[in-house]
Amino acid sequence: MEHCLVKPRAVILDVYETLLMVGPPPPDAENQWLALWGQFFRQPPPLSLAEFGLTCERWIREEHAQAHVRGIPFPEVYWPRIACLTAPDLAALEPAALEAFLLAQARIWHQVCLAEGAAETLRWLRGQGLYLGIASNAQAYTVAELNDALQHVGLDLSLFHPRLQFWSFEHGFSKPDPHVFRLLQARLWALDVVPEAVLMVGDSLENDIQPAREQGWQTWHLGDRGTGADGRWPQLHQALAGAP
């Protein structure tokens, strides 16, 4: 069944598995980890890549538990802090060097690329004069990953209105917290955009679609139609082009 949309004035986009598709680590990830540590510290890493990941997960669980006690149901960690707790040597790096290390480390953990059809639709949306925004559970390296992927196709983050970008690492909480959508809607009100004129595009029913609907927004569940989703980027483009 075709998903009918009313032409929006603003489109808010999720990042991972929506704008960026996430692939597995490179085959030589452990060797790249050794090389990365050698590049920054001239010595072998104190933990293997797998040990680094497991220890990070323990710190994240502890941070989340503390946040839950403080009444934050959907907390977000600050990744540089987690990384430095896990490998204290990292705390000695200057901020710019730490940022570069963590971006390189993210590229060892996963590989990302712009979703098929996303670039064409983003160009079309820009041409329609719509406000574009971001609602992403993310870390600082996500911003760099997305900008790099966009630059490969002649685009960049300037596509997105600076007041309509929610990156969870900047706030300490994450989707599906309704405050994410409330915050964005408050900024949309300032642009005279009513909830019915906002479209949320994301791959997660729990994190993107349900909380956006509760805010009164239109939604597009990105994914294969055979799985019950509304369709991928070409179908979204088609639906928007035909929207009244």
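Predicted model: local features only at pLDDT ≥ 70, side-chain atom pairs only at ≥ 80, totals over all residues.

Modeller: Residues are numbered from 1 along each chain as its sequence is written, and side-chain values use heavy atoms, with hydrogens and water left out.

Colleague: Why is E17 called partly exposed?

Modeller: Buried means under 20% relative accessible area and exposed means over 50%, with partly exposed in between (1.4 Å probe, protein chains only). E17 has 29% relative accessibility and therefore counts as partly exposed. This residue lies in the loop between strand 1 and strand 2 (20-23); helices (H or I, at least four residues) and strands (E, at least two) are DSSP runs, numbered from the N terminus.

Colleague: How do you know that D192 counts as exposed?

Modeller: Its relative accessibility is 57%, so D192 counts as exposed. D192 is found in the loop between helix 7 and strand 6.

Colleague: What is the peptide bond between K175 and P176?

Modeller: That bond is cis, with omega about 10°. P176 sits in the loop between strand 5 (165-167) and helix 7 (178-190).

Colleague: What makes a set of residues a nonpolar core?

Modeller: The members are buried Ala, Val, Leu, Ile, Met, Phe, Trp, Tyr and Cys residues, joined through side-chain atoms within 4.5 Å. The largest such core has 58 residues, of which L19, L90, F101, L146, L150 and F160 touch the most other members. Helix 4 (residues 95-109) gives the most to this core, with six residues. Apart from it lies another core of 17 residues, including I12, A135, M200 and A212.

Colleague: Which residues does F101 contact beyond its neighbours within four places in sequence?

Modeller: With contact meaning heavy atoms within 4.5 Å, F101 touches W33, L36, W37, F40, F41, L90 and L93.

Colleague: Why are the buried residues of helix 9 said to lie on the same side?

Modeller: In helix 9 (residues 233-241), W233, L236, A239 and L240 are buried. They cover an arc of only 125° around the axis, which puts them on the same side of helix 9; the arc is that of the directions from the helix axis to the C-beta atoms. On the other side, Q238 and A241 are exposed.
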